[in-house]
Amino acid sequence: MRIEWAAGYCKFPQLPFRRIFCPVKRPVPANAVIVTAYTNGEVTFRSNRRREGYHEATDLSGFQGVKVGDFVVHGLDILRGSIGASDSFGAISSVCAVCIPIMGAEPRFFAYAMRAQASSGFPRAMARGVREGGADFRRWDTLGDLPLPVPPEPEQQVIADFLDVETARIDALIAKKSRLEVAITARVLASIESVIWAPKYSRIPLRRVCRFIDYRGATPSKSNSGVSLITASHIRDGWLDLENEPQWVDESTYKEWMRRGWPAVGDVLLTTEAPLGNVAQITDSRVALAQRVILLKPNESVILADFLPLALRSLTFQNMLSAYATGSTALGIKADRLKALNVPVPPLVVQLAHVNEIMRQESAANRARSALMAQISLLRQRKQALITAAVTGEMDVPGVSA
């Protein structure tokens, strides 16, 4: 039985991938620079996307050569849209299929078509080796069977040109709204900075305003139940995200580790490494803490539990953390150095006033961010619907006869 994508509304004939492209195995060129296939369809030098902080592999035995214009499909990241024509000459991972057309083909059109398929989940149904959360297209037999719409080559170019313009317009709107979201966050942080670090307030070392508990990390259990384990990845900018890859510890482990001190609602968490300096408050006392997370129990006769996170999230304190951190691959700070860092300590009544004002600002900022995120989501959906309609012939693109 012949399998087709978008059966019933795709107006173009469909051919298997192997009838349009063939794989090539290129040697890694001398002094090659690493090329990466990204989820937005760019296939480019890694340095073009990350100007600093990236590391080039010294052993390129798991790589292959790629030339400008080669069509690249990431075999393990196809569902996220890592498909496109390379704009660079270098070395790319062997998990990618590097291909050239064997018939008249506009690579941009087929990259759009395959990313539209990926968003629909179609490749997952086609994959013979399905991995958790994705699909495995490293085998040529699997990729070669993937059916693609094939309008005449001149129309492929017309559709690709149309989508280049229209998606760029949508991407510009998304970028504008994303910048607004960043600006909202920056405005709140600037407000925290200005009120928290006023020159008139005393600066006191952390060791004098709170008690530190370093659990050194409990070992996660293999079951999907028990006591929630908070890792560094669960701590965001002022809040806990325990739904992100939840982990647990069993009851005996929990009791053993918690003998050092029981967490309480309102206690403050600070990540000491990878990432450094993320802050949140505990909202449920029945939790265990992993490594790279320190618990701070504020002395509320000196500093309020709701005020301390504001001080720790401030730009001034974050800069101090970075200045005293050490490490070659990941910055981290030792507990002794952390305890010596100063925080501003206004009178308690002033702390409470600042907490109430900043909470009001953050509440308004969260509402604005939520509205922006909803708009961004709709724009992304509109972009995907536009691409799908264009590559299937479901919409009338000027110059296309489908």
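Axes here are lines fitted to C-alpha atoms, for helices over the stretch in contact, and angles run from 0 to 180 degrees between N-to-C directions. The model is predicted. This briefing covers the largest pocket and the packing of H2 against H10. Helix H2 spans 107–120 and helix H10 spans 348–392. Both helices supply residues to the pocket lining.

**Helix packing: H2 and H10**

- Two packed helices are described by the angle between their axes and the distance between the axes.
- The H2 and H10 axes cross at roughly 120 degrees and come within 9 Å.
- H2 is therefore oblique to H10.
- The crossing of H2 past H10 is left-handed.
- On the H2 side, the contact uses Phe109, Tyr112, Ala113, Arg115, Ala116 and Ser119.
- On the H10 side, the partners are Gln384, Ile387, Thr388 and Val391.
- Sorted by class, this contact holds six nonpolar residues, three polar and one charged.

**The largest pocket**

- The volume of the largest pocket is about 750 Å³.
- Its lining consists of 26 residues.
- Nearest the pocket centre lie Thr39, Asn40, Gly41, Arg115 and Lys383.
- By class, the lining residues are 10 nonpolar, eight polar and eight charged.

**Where the lining comes from**

- Strand S7 (83–85), helix H2, helix H5 (153–196) and helix H10 each give at least two lining residues.
- H2 provides the largest share, with seven residues.
- Arg115 links the two topics: this residue is among those nearest the pocket centre, and on H2 it also takes part in the contact with H10.

Note on methods:
Residues numbered from 1 in each chain as written. Predicted model: local features only at pLDDT ≥ 70, side-chain atom pairs only at ≥ 80, totals over all residues. Heavy atoms only, no water. 1 Å grid on protein atoms, 1.4 Å probe; cavity = no way out; pocket = protein on both sides within 12 Å on 5 of 7 lines; lining within 4 Å. Points joined across faces, edges and corners; volume = space filled by probe spheres on them. Helix = DSSP H or I, 4+ residues; strand = E, 2+ residues; numbered from the N terminus. Nonpolar A, V, L, I, M, F, W, Y, C, P; charged D, E, K, R; others polar. Parallel < 35°, antiparallel > 145°, perpendicular 65-115°, else oblique. Left-handed = near helix turned anticlockwise from the far one by under 90°. Contact = heavy atoms within 4.5 Å.
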